[in-house]
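Open the model in a viewer and follow the stops below in order. Each stop says what to select and what is there.

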Amino acid sequence: MEKFDTIIIGAGPAGLAAAYNLKANGQKVAVVENNLWGGTCPNRGCDPKKVLLSGVEARDRMIQLQDKGFEQVPYVNWKQLEAFKETFTDPVSADSRQGIVKAGITAIDGQPKFIAEGTIKVNGQTEYQADKFIIATGQRPSYLNIPGKEHLLSSTDFLSLKKMPEDITIIGAGYIAFELATIANATGSRVHIIHHNDRPLKKFNQAYAMELVKQLENKGVDFNFNVDTQAIEQQTNGQYAIKATDFELVTDLVIGATGRIPNADFLDLEKAKVAYSRHGIEVNSKLQTTNKNIYAIGDVVATKQPKLTPVGGFEANYVSDILTGKTTEDLKLPLIPTVVYGSPKLAKVGIQDSDNVVDQDVTSWFTYSHTNEPKAKVRIVLNDKKQIIGATLLSNEADSLINLLTMAIKQKMTHADVVKEIMAYPTAASDLEYLI
Ligand SMILES: Cc1cc2nc3c(=O)[nH]c(=O)nc-3n(C[C@H](O)[C@H](O)[C@H](O)COP(=O)(O)OP(=O)(O)OC[C@H]3O[C@@H](n4cnc5c(N)ncnc54)[C@H](O)[C@@H]3O)c2cc1C
Ligand SMILES: NC(=O)c1ccc[n+]([C@@H]2O[C@H](COP(=O)([O-])OP(=O)(O)OC[C@H]3O[C@@H](n4cnc5c(N)ncnc54)[C@H](O)[C@@H]3O)[C@@H](O)[C@H]2O)c1
């Protein structure tokens, strides 16, 4: 039976980062993957979504500049846009696997199961042993447990639709719902969002989240709050009726975007004495599971941090440092900025409230008015020493500005510090001294 220093289960951004890191530190490493190498982010998450949104952003910019240099609103050719997306996604799995093999890491395809604490069996056939394991199996879409749940499609299905339907409904109002709604709306589909309460994007400042709702409503997206979906019924004409108390909506396609569940099942973790729940694999402050030789990283862990690609990468580097003796410290995640991509984008970082908040509508500022943005808002949170400690941004510039603010928070910058810097003008960053 082949034995490794470390076996990593799951070849997503977290698992692959750990594999390369451990190999570079002289370990004998294997990675086991039961589906597409590269994982969610480049195959069915961040990257394909961003390619599709790039078409939307270009179109929206043209709409904003109608009669200001442009005369026609371009329409989104979904078939072409999908084909462009596939030029990114199609090579991912083979390239990721090849990269691993080239680095001298053993690539194993198949479904692994623990048969003892230090041993897995893949596809019920080949056994492998390791001193340490890292579980990085990510999450998959969760589906509402209601009659007709078999009619629900997931974000993965949406990202590969061959044809965008005339009318599409998304259940949920989190990251995925907003991003997919923005894409579908730009293709000309009639889009409905159904949400069980009245708090969309619940971890964001609600005034900003509702402003994003308003911007999408202005583009024709139909929001239905406080509607708790109870059933989905297929009609004889192939459409679907979404049913709730005093509510019925007939639509062509239903996407479930009500969260994701960890891939902690199917591994026979009990045999390795690794505890997990529906929230994911339990870990301590060193990402060690209830078995001290097995670690878990990325989306599959049952911690409260946002489930994002750079977080998984950070954890991979941390566990690699633990396993190669470079650190014995507890995991300390830095500030994590997050962005709901779209047009406009909504971004946040750090502490969201204090007694010292500068909240401005900046729509008329040159940064936003020269592209005729319909709405731009910036909310900066300061502490009693007037250092920047958090921010929420709504605009097309929000993604780049939130990263700059993340660095400013880390540097504990105040207004006095910001005015000492020179930023390229005119950019969203050159506004910074007027935002505090
Ligand atoms: C639609 C969508 C958009 C997103 N957009 C963004 C974004 O813009 N920015 C961002 O930071 N994050 C985004 N995310 C989240 C991001 O994709 C994840 O945080 C990231 O992929 C997590 O990495 P991971 O390696 O932990 O898990 P994954 O990428 O999910 O990789 C886990 C791997 O393990 C494999 N696996 C699962 N079970 C087993 C098993 N039993 N045996 C062997 N292998 C197994 C899977 O096939 C997969 O390849 C998005 C997610 C989705 C769904
Ligand atoms: N831009 C990004 O960084 C990005 C984009 C997409 C996904 N992601 C990651 O993927 C994760 C999953 O995304 P998501 O949008 O599925 O999850 P989410 O947790 O962001 O949103 C799920 C939404 O579904 C709602 N919901 C739950 N039960 C419901 C019900 N019965 N009826 C209607 N709504 C219901 C929740 O209240 C919530 O608003 C995110 O949390 C994030 O970590 C990140």
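Predicted model: local features only at pLDDT ≥ 70, side-chain atom pairs only at ≥ 80, totals over all residues.

Residues are numbered from 1 along each chain as its sequence is written, chains are lettered from A and ligands numbered from 1 in the order in which they are written, and side-chain values use heavy atoms, without hydrogens and water.

**Whole chain**

Switch to a cartoon view: the protein chain has 13 helices and 23 strands (DSSP runs numbered from the N terminus, H or I of at least four residues for helices and E of at least two for strands). Its radius of gyration is 23 Å, close to the 22 Å that the globule rule gives for 436 residues, so the chain is as compact as a globular protein of that length (the radius is taken over C-alpha atoms, and the rule is 2.2 Å times the number of residues to the power 0.38). Along the principal axes, the C-alpha atoms fill a box of roughly 70 × 65 × 40 Å.

Among contacts in the protein chain with a separation of 6 or more, 62% are between residues 24 or more positions apart (contact means heavy atoms within 4.5 Å).

**Asp 60**

Select Asp 60, which is in helix H3 (residues 46-64). Is Asp 60 buried or exposed? Its relative accessibility is 7%, so Asp 60 counts as buried. Leaving aside residues up to four places away in sequence, Asp 60 touches Lys 219 and Ser 343.

**Salt bridges**

Side chains of opposite charge can pair when their charged atoms come close. The structure holds 17 salt bridges (a side-chain nitrogen of Lys or Arg within 4 Å of a carboxyl oxygen of Asp or Glu).

Select Lys 162 and Glu 86, whose side chains meet in a salt bridge at 3.2 Å, N to O. Lys 162 sits in the loop between helix H6 (155-159) and strand S8 (167-171) and Glu 86 in helix H4 (residues 78-89), so this pair ties together parts that are 76 residues apart in sequence. Lys 162 is exposed at 62% relative accessible area, whereas Glu 86 is partly exposed at 22%.

Next, select Glu 233 and Lys 243, which form a salt bridge at 2.9 Å, N to O. Glu 233 belongs to strand S11 (residues 231-234) and Lys 243 to strand S12 (residues 240-244), so the pair ties together parts 10 residues apart in sequence. Glu 233 is partly exposed, with a relative accessible area of 35%, and Lys 243 is partly exposed at 26%.

Move on to Lys 286 and Asp 330, a salt bridge with its closest N and O atoms 2.6 Å apart. This pair links distant parts of the chain, 44 residues apart: Lys 286 is in the loop between strand S17 (280-281) and strand S18 (294-296), and Asp 330 in the loop between helix H9 (309-323) and strand S19 (338-340). Lys 286 is partly exposed at 25% relative accessible area, and Asp 330 is partly exposed at 41%.

For the last stop, select Glu 233, Lys 243 and Glu 248, which are joined into one network by salt bridges that share partners.

Methods:
Buried < 20%, exposed > 50% of the residue type's maximum accessible area, 1.4 Å probe, protein only.
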